[in-house]
Amino acid sequence: MSKIGVIDLGIGNFANVCRAVDGEMCNDPRKIDAYSTIILPGVGSFDGIAEKVEDFRDDLLRFISSGRKYLGICLGMQLLFERSEEGKGEQKGLSIFPGKIIKFEGVQTPHMGWNSVSFMDDEIQDVLGADPYFYFVHSYYLPKKGAEFEAAYTEHVDKKSVAFCSAVRKENVWGVQFHPEKSGEVGKRFLRAFLYS
């Protein structure tokens, strides 16, 4: 069993992620258990994607508990947390990690374009090379606080600098705020490291 499932919630361009990892779109929660790896991309708003993922919640949590590889991309990373300031703040995330996603203040929003990512794991950093740049597009972020699950951080520099957590990791679960599928060769290297490490 080595199939990669990319969760299709009917919003966003999931085809790019499928192509990047040679995966299959999965829009049926009953089929999640057939995969060895699940990737949840996310675009739009936290409330919107949290509402759509509700039908998948129990199956995704069982999948994660099984120890198989799981990756959340952009809003898919934010959904790994408890809540977000985005929207009415009533929708719940998957709560794999503690914390709340907040809105950028005092800097250009959305944070869009290429930015460097500093990984804490030397092995990943070696695979990606010094000062790797990834593509971002987001208006909400996870503050960098030094938690054990923080795997990488990025500085959004405008009138002031805001350091935010751009990747998280806990055992088999990864989340990234950037879009590896839109980040060229370095994005491909990251996805290979996630899939085959």
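This is a predicted model: local features need pLDDT of at least 70, side-chain atom pairs count only at pLDDT 80 or more; totals for chains, interfaces and linings use all residues.
Q: Which residues of the largest nonpolar core touch the most other members?
A: They are I39, L71, F119, F134, W174 and F190, out of 33 residues in that core.

Q: Which helix gives the most to this core?
A: Helix α6, residues 184–196, with 6 residues.

Q: And what does W174 touch?
A: Leaving out residues up to four places away in sequence, W174 touches Y70, L71, G72, L80, F119, I124, A151, A167, V168, R169, F190 and F194.

Q: How many residues are in the second core?
A: That separate core has 31 residues, including A50, L60, L80 and I96.

Q: Switching to α3. Which of its residues are buried?
A: In helix α3, residues 57–65, the buried ones are R57, L60, F63 and I64.

Q: Why do those count as being on the same side of α3?
A: Because they cover an arc of only 130° around the axis, which puts them on the same side of the helix.

Q: What covers the buried residues?
A: The cover over the buried residues of α3 includes strands β1 (4–7), β3 (37–42), β4 (69–74) and β13 (173–176), along with helix α2 (46–53).

Q: What follows α3?
A: G67 follows α3, and its phi is positive, near 90°.

Q: Which residues other than glycine have a positive phi?
A: D131 is one of them, with phi near 55°, and E171 is another, also with phi near 55°. Most residues other than glycine have a negative phi.

Q: Where are those two?
A: D131 sits in the loop between α5 (122–128) and β9. E171 is in the loop between β12 (161–170) and β13.

Q: Now the largest pocket. What volume does it have?
A: About 170 Å³.

Q: Which lining residues are closest to its centre?
A: G44, L75, V137, H138 and S139, out of 14 residues that line the pocket.

Q: Which elements give two or more residues to that lining?
A: α4 (75–78) and β9 (133–138).

Q: What is the lining like by class?
A: It has 5 nonpolar, 7 polar and 2 charged residues.

Q: Back to V137. Where is it, and what does it touch?
A: V137 is in strand β9. Residues up to four places away in sequence aside, V137 touches C74, H111, M112 and H179.

Q: How far is V137 from F97?
A: The two are 22 Å apart in space, C-alpha to C-alpha, and 40 residues apart in sequence.

How values were computed
Residues are numbered from 1 along each chain as its sequence is written. Side-chain values use heavy atoms; hydrogens and water are left out. A nonpolar core is a set of buried Ala, Val, Leu, Ile, Met, Phe, Trp, Tyr and Cys residues joined through side-chain atoms within 4.5 Å. Buried means under 20% relative accessible area, exposed over 50%, partly exposed in between (1.4 Å probe, protein chains only). Helices (H or I, at least four residues) and strands (E, at least two) are DSSP runs, numbered from the N terminus. Contact means heavy atoms within 4.5 Å. On a 1 Å grid over the protein atoms alone, a cavity is a set of points where a 1.4 Å probe fits but cannot get out, and a pocket is an open set with protein on both sides within 12 Å along at least five of seven lines; lining residues have an atom within 4 Å of a point. Grid points are joined across faces, edges and corners, and a volume is the space filled by probe spheres set on the points. Ala, Val, Leu, Ile, Met, Phe, Trp, Tyr, Cys and Pro count as nonpolar, Asp, Glu, Lys and Arg as charged, and the others, Gly among them, as polar. The arc is that of the directions from the helix axis to the C-beta atoms.
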